[in-house]
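Student: Could we go through the terms used to describe this structure and test each one against its definition?

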Amino acid sequence: MNRSSKSASITALFDYDSLEATQRSIIQQRTGEIRERLRRSAQDIWEVGQKLSDVRSRLKYGQFLTWLKVEFGWSQRTAYNFIKVYETFGDRFANLAKVDIATSLLYQLASPSVPDDLREQVIEAAKKGKKITAKELRSTIKQRKQLKSAAIEERPAQPEIVTVIAQDANESTGSTNAISAIQPRPTLQSIANPIKVPNVKSGWYRVGQEHLLFCGDTASRDFVQQMPPAKLAIAVTGSDWDHDWLIDQIDSVVVVPQGEFTVETLEQLLQMLSKSQDWVVLPWLPQAEMIGIAHRLGRRIYAGDIDLARCRSAIAASGLAAKSTKLSTLKVAGQVG
């Protein structure tokens with residue numbers, strides 16, 4: 001098939017006519033290049049991630065997911081596996097060409113939960129021919145986390161993990177976790193007199209005296225590396241899942257499909273699986289009341305959302321003052337005690 005017939009087929013699937021001519025030409029070229037590189041070697045994964053990142057930067061909000069689905073039948077998570085490899089290894093991609101490394105391990109290494117020194121150790125070991133599995137890497141991360149938590153403070157044992165997870169949350173392994181039933185409890189009264197909040201920009205905010213809010217991508221290293229040693233994370237998600245690092249970093253992870261989430265669910269989970277002054281991670285804020293409810297229950301919240309409008313709504317509904325905070329000034333772990 002020649003390039004012109006290939007381009008015609010692509011145009012019939014995705015609405016390229018809505019794009020500016022130069023952008024249309026480049027994105028159609030990237031589409032063809034990606035199709036030609038769908039072998040799963042480490043360097044190919046890096047190069048596909050590079051091209052996906054380029055396309056994402058050229059499309060308007062919402063167009064990227066549509067393009068992924070009509071051109072490749074991919075979910076957001078599948079694409080972001082490639083992109084994270086590209087963003088994590090940067091211009092060090094030449095090293096990957098020399099490494100015989102499993103795809104599952106490469107994706108795991110690109111997770112923001114993997115410390116830089118551990119990532120380098122694994123790559124160096126792979127260069128020397130040592131076979132390391134994704135399971136072994138997860139075990140090492142877990143051991144490091146336990147040592148870090150033990151060094152910060154001794155805490156009572158928490159209840160066993162309660163997981164409510166969307167069907168495709170473990171897409172890469174083909175496994176799914178059981179869905180645990182949640183009995184409703186009476187909701188707290190809505191927070192009265194929400195404050196007015198100025199326009200929110202990307203970055204960190206301190207909400208009240210004790211809560212931290214990141215307005216940005218919570219699957220990024222900017223969010224993960226500042227995280228306190230929390231015992232509980234409550235994630236409300238749709239069909240796509242790109243937060244596997246939660247399971248690596250936090251003892252109790254509750255993932256609730258967005259269609260099943262209510263404020264009553266949030267209250268019960270907080271009361272069941274955490275105690276006053278515990279840090280609780282909220283990587284999405286689909287309902288504005290979430291930070292406010294947790295505040296009333298005495299929990300310290302480490303939250304975020306890529307949608308600036310949802311961040312603003314969460315601040316307003318909390319009834320708490322919010323102040324922009326530079327990332328370099330945050331020392332979350334030192335606040336825990």
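Predicted model: local features only at pLDDT ≥ 70, side-chain atom pairs only at ≥ 80, totals over all residues.

Tutor: Residues are numbered from 1 along each chain as its sequence is written, and side-chain values use heavy atoms, with hydrogens and water left out.

Student: How many helices and strands does the chain have?

Tutor: The secondary structure comes to 15 helices and 7 strands. Helices (H or I, at least four residues) and strands (E, at least two) are DSSP runs, numbered from the N terminus.

Student: Why are helices α3 and α5 called roughly perpendicular?

Tutor: The axes of α3 (residues 42-58) and α5 (residues 76-89) cross at roughly 100° and come within 7 Å. Axes are lines fitted to C-alpha atoms, for helices over the stretch in contact, and angles run from 0 to 180 degrees between N-to-C directions. Angles under 35 degrees count as roughly parallel, over 145 as roughly antiparallel, 65 to 115 as roughly perpendicular and the rest as oblique. The pair α3 and α5 is therefore roughly perpendicular.

Student: Which residues make the contact of α3 with α5, and how do they divide by class?

Tutor: Contact means heavy atoms within 4.5 Å. On the α3 side the residues include Ile45, Trp46, Val48 and Leu52; on the α5 side they include Ala79, Tyr80, Phe82 and Ile83. The contact divides into 11 nonpolar, 3 polar and 2 charged residues. Here Ala, Val, Leu, Ile, Met, Phe, Trp, Tyr, Cys and Pro count as nonpolar, Asp, Glu, Lys and Arg as charged, and the others, Gly among them, as polar.

Student: Why does glutamine 108 count as buried?

Tutor: Buried means under 20% relative accessible area, exposed over 50%, and partly exposed in between (1.4 Å probe, protein chains only). Glutamine 108, in helix α7 (residues 103-109), has 11% relative accessibility and so counts as buried. Of the 337 residues in the chain, 48% are buried.

Student: How do you know that α12 is largely enclosed by the rest of the structure?

Tutor: Helix α12 (residues 263-273) has 8 of its 11 residues buried, so it is largely enclosed. Among the buried residues are Val263, Leu266, Glu267 and Leu273. Their cover includes β3 (232-237), β4 (252-257), β5 (279-282) and α13 (290-296).

Student: What makes β1 a paired strand, and which strands does it join?

Tutor: Two strands pair if DSSP finds at least two bridges between them. Strand β1 (residues 203-207) has 5 bridges to β2 (residues 211-215), running antiparallel, and 4 bridges to β7 (residues 322-325), also antiparallel. Valine 207 stands opposite histidine 211 in β2, and its bridge partner in β7 is alanine 322. The hairpin of β1 and β2 has 3 residues between the strands, and glycine 208 takes a positive phi near 65° there.

Student: Is β1 mostly covered or exposed?

Tutor: Strand β1 is mostly covered, with 4 of its 5 residues buried.
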